[in-house]
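Biologist: Could you take me through the terms used for this model, setting each value against its definition?

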Amino acid sequence: MESMEIAGRLQAQFPDQVLDICSFHGQVGVLIQRQQVVDMLRWLRDTPGMQMNHLMDLCGVDNAKKDEPTLQRFEVVYNLYSVPERHSLRIRAQIPEEDPCIDSISSLWAGADWHERECFDLMGISFNGHENMKRILLPEDWQGHPLRKEYPLKGREEWSGMEELLHKVETLQQFGFNDAQNQDNEKT
Amino acid sequence: MTRPVTKTLEIPVADGERNPYSLKMGPQHPATHGVLRVDLELDGETILKCTPHVGYLHRGFDKIAENRTYAQTLILTDRLDYIGAMANNVGYCVAVEQLLGFSVPERAKYIRTMVCEMSRICSHLLWLATHALDIGAMTVFLYCFREREILLDLFEELCGARLTFSYPRIGGVRQDVTRKFIDELQRVIHLFPGRIEEYETLIDTNRIWLKRTVGIGKLSGDKALALGLTGPCLRGSGVDYDIRKHRPYDAYDQMDFEVPLGSDGDIYARYRCRMEELRQSLRILQQCVDMLPPGPVLDKDAPDLVMPLHKNTKGGEADSTSYGTGIIKFMEEQGIYPAGDIYVSTEAPKGELGFYFISDGSARAYRMHIRSPSFIHISALPTIAQGELIADLIANIGSLDVVIGECDR
Amino acid sequence: MMQVLILFIQILVLFAIVMLHVAYATYFERKIIGHMQVRMGPMRVGYHGLLQPIADGIKSFFKEDIIPEQADKAAFRAAPIICLVAMMTSLAVLPFAKGWVLADINIGLLFIFAMSSLASYGVILAGWASNSKFTFLGGMRSMAQVISYEIAMGLSLVGVMMLSGTLNLTEIVEAQGTSFTGMYIFPQILAFFVFCIAMLAETNRVPFDLPEAETELVSGYCTEYSGMRYAIFFMAEYIGMMVMAAIGTICFLGGWNGPFVIPFFPPFWLILKIYVFMFFFIWIRATLPRYRYDQLMELGWKLLIPLALANIVLTGIIKAFTS
């Protein structure tokens, strides 16, 4: 089935949820509201003829620097593929800045678990119903979400864990641990 | 099972309740293939709960890519799956070409297919080596490295680098292959089938190997798909999903090859899949060599390669971006390139390597997301390892074929 | 007084020779396994790396001796010594040739069993005393393994005892006679098979190296050991290999008897046979993957022990009918 056709059927099925359908280089993206994302994806996965059973990718997008006023601040992008039918579709769920959260789809695809954790970690979008919504790539006590557009490329201070480590090195050096430079100085 | 009772550990209560024995494997551990940490809760040696922790190698490629031109990001892809780096380079270039609308000459397509398959062989050889070592067969490790060395020499002949190639360019490849390279590759194609048989005689019919792999780490096809497994791990469970067949890129649509499928979804099935893939890759290589068309290897519209100005020459101060061996010049103005988003995936040795790009028309990606197979494969580890033994966990990590550089990005 | 002094000198000479053998057994292993794995093995120190074991010894002797802060220090220090002493003691009853034995006691075989079990006590103690999770699991595995395989091994040698009617090692060799066909490997082929497998397990060698499986338990029971203490474990393991090889030679391959007598150096054939056994150890190591813990237990209890028992019954029946 053509991607455009699937998008059309999806719109017919959920008319108030689909905001827009756009196409680029033959790939079709469907902009949707976030409320019924689980139902929509389940419909895409389970409907005969669709069978979008492979979640290729899930990631968050920050629209802050895009000059398209119709878009909300955040998006979660689901790239779906059907292994038996060999067609694909992209779902872009809009998420407002005030309340960055969306329902988790880890009940549909167990593999979405870590994708969603990564999205939460780096983009700060939390997923309702996810069992283990914790940071995954960054340390637990990290401040901020690096992939947001306002996040600076270089911070003013070290991460607290690094400070702690440096402090530990300093105290250990008092006891002569791993202090090759001092030893050289003593020799000369 | 009791725990060692010492003055520092808390003494377990003696009311017959079994406390799980918690064991932190990694990030420094010989069998976790890099800096993976797995927290285990054990009952004896049976795993009650297994929690992988990643992120020790997180370098923030997504963020870096947003602040560099497309060509500058290319070198980052070397550092993803550093065992088969060429496949990442090709995957990235294919994605950027589709996004920005560059075309690729035929000859470059064939060369790319060739190097992709070479890196697949490289990666699978290293996988076999470490997987066998994990299970305790030491000799296979060194045999595989012997063959991998030949391939790395070939890569060196091709582009001067052995691990981090950055050989493909957006719009082609950097330079043409030499006669010597083709001759050597022919030799490899004839040499390798015998060598693959050699590995198989060492381990394939070995009773201990079979005992360690058959029926261990079983996954059904549906479950593997739901977990997001791709590549040989998914095909071992019998799901026919190979991007080279489903969405052919480069010259794969011209190639005649088969996709080996397993049925049991256990460690042995994944092992068999990869061994067959080695043979299929050799087949593809032979076809590439036979069918290699003449012509240019870099599209004339591709971004130019600019050699840097040297500080001491009369050109004066080098500008801040021109260092290294040469950079690819992108038009820096806005609105030259099409704006939009695209998801392109390629069949990397480990599985589906996908790039999701959003372009806003400038020379820099607005957003890049890498869908790395290793990341998803590690997330499947708790499901697979639950209820099995420590030794099986090690075998499972090996058979999932994870590289932490790719997982953490 | 004089006798004690002579005995003391004999002990010293044996100790020195065995230690030298241990050092070169490591060289032997590294060279052979190297060539099996398409590489050279040690090449740098001395001609073709001949001085490598000595360099290794010196290196480990001068390395820093690290004892973990949380370890049970007394037990931690004692463990390697127990291993080494137990293994060295069993050398005392081995007859290298007729009359070439330190203590010709009449329960030599039992004594060796006792000592090799004691060595595993050192391993378990090391695992426990290090107060580390990996070493503890290694110690546990070692305990289970030694208990199961000790039985199989003991039972496999019962047939030999029945045929020779003695536990004295010298007499076992003499009972086999000087001819080739007298060797117990022919009537006791089943026992020899069980013995060979149990021997590998008893010395923690591949494919039964679970207590120190490096890809699973880092380095098993000796993870926390370094320097000389680690080297002592290493030595104990190699002496253990030699003792087991010697037992195999004495009980099944006719001990020091060979096709012809070597003048002035009667132990020649014994040592040669021991090295054939060692080669077998190394060959196995280069070829086989590792068993899993439960599979190892299964093999021991479900295959080896019944086989050894069947062998005893068979030997008994044959002996009853032939005599």
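Predicted model: local features only at pLDDT ≥ 70, side-chain atom pairs only at ≥ 80, totals over all residues.

Biologist: What makes Asp392(B) and Arg292(C) a salt bridge?

Modeller: The rule asks for a side-chain nitrogen of Lys or Arg within 4 Å of a carboxyl oxygen of Asp or Glu; the N to O distance between Arg292(C) and Asp392(B) is 3.0 Å, so the pair qualifies. Across the interface of chain C and chain B the rule finds one salt bridge.

Biologist: How is the area buried between chain C and chain B defined, and what is its value?

Modeller: Buried area is the accessible area (1.4 Å probe) that two parts lose on being put together, summed over both; for chain C and chain B that is about 3300 Å², with 60% from carbon and sulfur atoms. Of the area that chain C buries against chain B, Lys133(C), Thr215(C) and Arg292(C) supply 19%, more than any other three residues.

Biologist: Why does the radius of gyration of chain C agree with that of a compact globule?

Modeller: The globule rule, 2.2 Å times the number of residues to the power 0.38, is applied to a radius taken over C-alpha atoms; 323 residues give a value near 20 Å, and chain C has 20 Å, therefore the two agree.

Notes. Residues numbered from 1 in each chain as written. Chains lettered and ligands numbered in written order. Heavy atoms only, no water.
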